Amino acid sequence: MSEVDPNAMDEVSEQEFDADKIKLLPGSSEDGTAATFQIIDEDHTLGNTLRYVIMKNPEVEFCGYSIPHPSENKMNIRIQTYGNISSVEALHQGLDNLSELCTVIETKFSEKISAGGYSAEEP
C-alpha cells in the first residue's frame, strides 16, 4: 500500500468546490459572448465587488448583477464580452482576480497588525 503525500491532500482539499454554487441560466448567446449566471447563497457584497472586478477587464462590454428577490439567497450576474473571450472565461478571470485581490489585502493587513506601531486615539 502506498503512502499518501500530505501536500497532495492539501491541494485536493483546496480545489474542492460546490458544483451547484454557480449555474448558467437559459438565454445565453450562441457564440458564448453573453450569458447570465446564478450564484447561490450570495448577496450584494459579492455581487457589486465581482461586477467591479469583471468590468476592469478590457474584453468585457457589460457586467451587471441583481438580486431577484430579497427572500431568496440568489444573485444573478450578466456578462457580455466583445467576442475575444467568452462570458464564462470572463467570470472565471473575475473570480480569480477577486481571489488574488483578497489574498493581497489579507497579507498586507496581517503584516501591518504584526508590525504593530499603531494606536487608537480617543476623540
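Trainee: In which helix is Val-53 found?

Mentor: Val-53 is found in helix 2. Keep in mind that this is a predicted model.

Trainee: Is Val-53 buried or exposed?

Mentor: Read the relative accessible area against a cut-off. Buried means under 20%. Val-53 has 10%, so Val-53 is buried.

Trainee: Which residues does Val-53 touch?

Mentor: Leave out residues up to four places away in sequence. Then Val-53 touches Gly-94, Asn-97 and Leu-98.

Mentor: Two packed helices are described by the angle between their axes and the distance between the axes. Here, take helix 2, residues 44–55, and helix 3, residues 87–115. They pack at an angle of about 110°, and their axes are 9 Å apart. Helix 2 is therefore roughly perpendicular to helix 3.

Trainee: Which residues make that contact?

Mentor: Helix 2 supplies Leu-46, Thr-49, Leu-50, Val-53 and Ile-54. Helix 3 supplies Ala-90, Leu-91, Gly-94, Leu-95, Asn-97 and Leu-98.

Trainee: How many nonpolar, polar and charged residues does the contact of helix 2 with helix 3 have?

Mentor: Count by class. The contact has 8 nonpolar residues, 3 polar residues and no charged residues.

Trainee: What does the span of helix 3 look like?

Mentor: Compare the end-to-end reach with the expected one. Helix 3 has 29 residues. From its first C-alpha to its last it reaches 42 Å, close to the 42 Å expected at 1.5 Å a residue.

Trainee: What follows helix 3?

Mentor: Gly-116 does, and its phi is positive, near 70°.

Trainee: Which residues of helix 3 are buried?

Mentor: Ser-87, Ala-90, Leu-91, Gly-94 and Leu-98 are the buried ones. Then ask what lies over them. The cover includes helix 2, strand 1 (22–24), strand 2 (34–40), strand 3 (60–66) and strand 4 (74–81).

Trainee: Take Ala-90. Is it buried or exposed?

Mentor: Ala-90 has its place in helix 3. Its relative accessible area is 1%, so Ala-90 is buried. Setting aside residues up to four places away in sequence, Ala-90 touches Ile-54, Val-60, Ile-79, Thr-81 and Ile-85. Ala-90 and Val-60 are 30 residues apart in sequence and 7.2 Å apart in space, C-alpha to C-alpha.

Trainee: Thr-81 is on that list. Where is Thr-81 found?

Mentor: Thr-81 is found in strand 4. Its relative accessibility is 5%, so Thr-81 counts as buried. Its contacts, not counting residues up to four places away in sequence, are Thr-33, Glu-59, Val-60, Glu-61, Ser-86, Ser-87 and Ala-90.

Trainee: And where is the place of Glu-59?

Mentor: Glu-59 lies in the loop between helix 2 and strand 3. Glu-59 is partly exposed, with a relative accessible area of 24%. Glu-59 and Thr-81 are 22 residues apart in sequence and 5.7 Å apart in space, C-alpha to C-alpha. Glu-59 touches Thr-81, Tyr-82, Asn-84 and Ile-85, not counting residues up to four places away in sequence.

Trainee: What should I look for in phi?

Mentor: Most residues other than glycine have a negative phi. Now look at Asp-41. Its phi is positive, about 60°, although Asp-41 is not a glycine. Asp-41 lies in the loop between strand 2 and helix 2. With a relative accessible area of 52%, Asp-41 is exposed.

Trainee: Step back. What pattern does the protein follow along the sequence?

Mentor: The pattern is α-β-β-α-β-β-α. The protein has 3 helices and 4 strands.

Trainee: How many of the contacts join residues 24 or more positions apart?

Mentor: Start from contacts with a separation of 6 or more. Residues 24 or more positions apart account for 49% of those.

Trainee: What about burial and surface in the protein as a whole?

Mentor: The protein has 123 residues, and buried residues make up 24% of them.

Technical notes:
Residues are numbered from 1 along each chain as its sequence is written. This is a predicted model: local features need pLDDT of at least 70, side-chain atom pairs count only at pLDDT 80 or more; totals for chains, interfaces and linings use all residues. Side-chain values use heavy atoms; hydrogens and water are left out. Axes are lines fitted to C-alpha atoms, for helices over the stretch in contact, and angles run from 0 to 180 degrees between N-to-C directions. Helices (H or I, at least four residues) and strands (E, at least two) are DSSP runs, numbered from the N terminus. Angles under 35 degrees count as roughly parallel, over 145 as roughly antiparallel, 65 to 115 as roughly perpendicular and the rest as oblique. Contact means heavy atoms within 4.5 Å. Ala, Val, Leu, Ile, Met, Phe, Trp, Tyr, Cys and Pro count as nonpolar, Asp, Glu, Lys and Arg as charged, and the others, Gly among them, as polar. Buried means under 20% relative accessible area, exposed over 50%, partly exposed in between (1.4 Å probe, protein chains only). The expected span of a helix is 1.5 Å times one less than its number of residues.
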